[in-house]
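Dear colleague,

I am handing over the structure below, and after it you will find an account of what turned up in it. Please keep the structure open while you read.

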Amino acid sequence: MKTGDPNSRSVEARASQTEVVLIGVSKKFRRGSLALQDISIRVDKHEFVSLLGPSGCGKSTLLRLVSGLTPASSGQLEVMGKSPAAARDQMSFIFQDATLLPWRTVEQNVGLGLELEHEKKETRIAKVAKMLELVGLTAVAQRYPRQLSGGMKMRVSIARALVSRPSLLLLDEPFAALDEMSRDRLNEELLRLYSEQKWTVMFVTHSVAEAVFLSTRIVILAPHPGRVAHVIPIDLPWPRTAETRLTMAYEEQVAQVSRLLRSVQTASLHSPDGQSAEEVQV
Ligand SMILES: Nc1ncnc2c1ncn2[C@@H]1O[C@H](COP(=O)(O)OP(=O)(O)OP(=O)(O)O)[C@@H](O)[C@H]1O
Ligand SMILES: [Mg+2]
């Protein structure tokens with residue numbers, strides 16, 4: 001079963017609002033099997049698209065292709081109408097293993113990208129201060145990473161990614177290491193910033209609840225080789241707040257996405273050689 005088709009409208013019809021487009025993209029690592037096969041995904045401006053799927057199905061690889069850090073083996077991939085490398089300065093990436101520089105304070109970590117871009121000192125200080133305020137870190141600006149909680153460290157990573165005002169944000173399991181309450185709170189903060197700053201987001205997670213809460217659309221990938229199994233629009237009303245999690249509509253969406261994800265996982269367990277997940281009934 002396939003839920004929605006990312007290519008149902010023509011490239012031309014949606015060109016003006018399309019931020020990321022992958023058409024028939026595959027990735028084979030030099031030493032390794034096919035990590036991604038024939039991926040077609042279109043992400044419009046201001047969409048929040050989450051990628052879900054079993055470990056090893058290629059979620060991080062897909063983000064790295066979009067970021068331009070890793071080249072695709074075949075297919076067409078454009079970010080804002082350019083090659084990913086050419087669009088690099090309009091996007092920010094928070095890696096799966098985001099680390100802060102331990103010898104730099106919070107303030108200096110957040111300002112790192114601006115320093116590398118040779119931004120003037122006064123401008124840099126002002127931008128960093130505004131960003132720290134936005135993510136609630138002003139009080140700890142002079143602290144070092146070892147003096148912060150996990151949630152605070154993640155906020156610093158987010159601030160560092162946002163300070164250059166990216167148009168496209170690529171987030172790879174940013175909240176995976178946090179307890180549920182901290183994660184919920186950061187999810188709400190992320191959406192507050194998203195509504196203010198209007199980025200386009202591609203977000204990798206293993207949490208169905210998180211993906212449903214945050215996303216306008218969820219893409220479920222199947223493994224061996226990594227491919228798109230389902231595309232699910234999330235029609236919950238905006239703004240989404242802690243209250244959203246208490247609604248029936250939210251619970252139903254979580255149940256639906258969980259079912260589809262389980263079907264992909266079951267299929268991959270039974271057919272490691274890559275039988276189509278779409279053959280599995282849900
Ligand atoms: N640099 C590389 N060289 C060879 N194979 C790689 C490389 N990077 C990833 N792979 C392989 O590509 C596949 C997809 O890996 P990827 O890290 O994208 O998965 P993932 O969905 O992000 O997994 P997880 O949920 O565990 O983070 C895996 O089989 C992995 O072993
Ligand atoms: Mg990964």
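The largest nonpolar core has 71 residues, and those of its members that touch the most others are Ala159, Leu170, Met202 and Ile220. The element that gives the most to this core is helix H6, residues 150-162, which supplies 6 residues. Please bear in mind throughout that this is a predicted model.

The chain as a whole

The chain has 9 helices and 9 strands, and 40% of its 282 residues count as buried. If one takes the contacts between residues at least 6 apart in sequence, 71% of them join residues at least 24 apart. As to confidence, the mean pLDDT of the chain is 88, with 89% of the residues at 70 or more. Two stretches call for caution: pLDDT stays under 50 over residues 1-13, where the model has 17 contacts beyond four places in sequence, and pLDDT also stays under 50 over residues 273-282, where there are 19 such contacts.

Helix H6

H6 has 13 residues and reaches 18 Å from its first C-alpha to its last, which is close to the 18 Å expected at 1.5 Å a residue. The helix is mostly covered, with 10 of its 13 residues buried, and these are Lys153, Met154, Arg155, Val156, Ser157, Ile158, Ala159, Arg160, Ala161 and Leu162. What do the buried residues of H6 pack against? Their partners are strand S5 (91-94), helices H3 (106-110), H4 (112-116) and H5 (121-134), strand S6 (168-172) and helix H7 (180-197).

Ligand 1 and helix H2

Around ligand 1 there are 13 residues, of which the closest are Phe29, Ala35, Ser55, Ser60 and Thr61. Sorted by class, this shell has 3 nonpolar, 8 polar and 2 charged residues. Helix H2 (residues 59-67) gives the most to the shell, with 3 residues. Because 7 of the 9 residues of H2 are buried, this helix is largely enclosed by the rest of the structure; the buried ones are Lys59, Thr61, Leu62, Leu63, Leu65, Val66 and Ser67. After H2 comes Gly68, which has a positive phi near 85°.

An exposed loop residue

Arg30 is found in the loop between strand S1 (18-28) and strand S2 (34-44). Arg30 counts as exposed because it has 5 other C-beta atoms within 10 Å, and the cut-off for that class is 12 or fewer. Although Arg30 and Ser73 are 43 residues apart in sequence, their C-alpha atoms are 9.9 Å apart in space.

Backbone details to look at

Most residues other than glycine have a negative phi, and most peptide bonds are trans. Asp38, which is found in strand S2, has a positive phi of about 50° although it is not a glycine. Is Asp38 buried, exposed or partly exposed? Asp38 counts as partly exposed, because it has 16 C-beta neighbours inside 10 Å.

Another cis peptide bond runs from Trp238 to Pro239, with omega near -5°; Pro239 is found in the loop between S9 and helix H9 (248-270).

With kind regards

Note on methods. Residues numbered from 1 in each chain as written. Chains lettered and ligands numbered in written order. Predicted model: local features only at pLDDT ≥ 70, side-chain atom pairs only at ≥ 80, totals over all residues. Core = buried A, V, L, I, M, F, W, Y, C linked by C-beta atoms within 7 Å. Buried ≥ 20, exposed ≤ 12 C-beta atoms within 10 Å, placed from the backbone. Helix = DSSP H or I, 4+ residues; strand = E, 2+ residues; numbered from the N terminus. Near = placed C-beta within 6 Å. Nonpolar A, V, L, I, M, F, W, Y, C, P; charged D, E, K, R; others polar. Expected span 1.5 Å × (residues − 1). Contact = placed C-beta atoms within 7 Å. pLDDT = per-residue confidence, 0-100.
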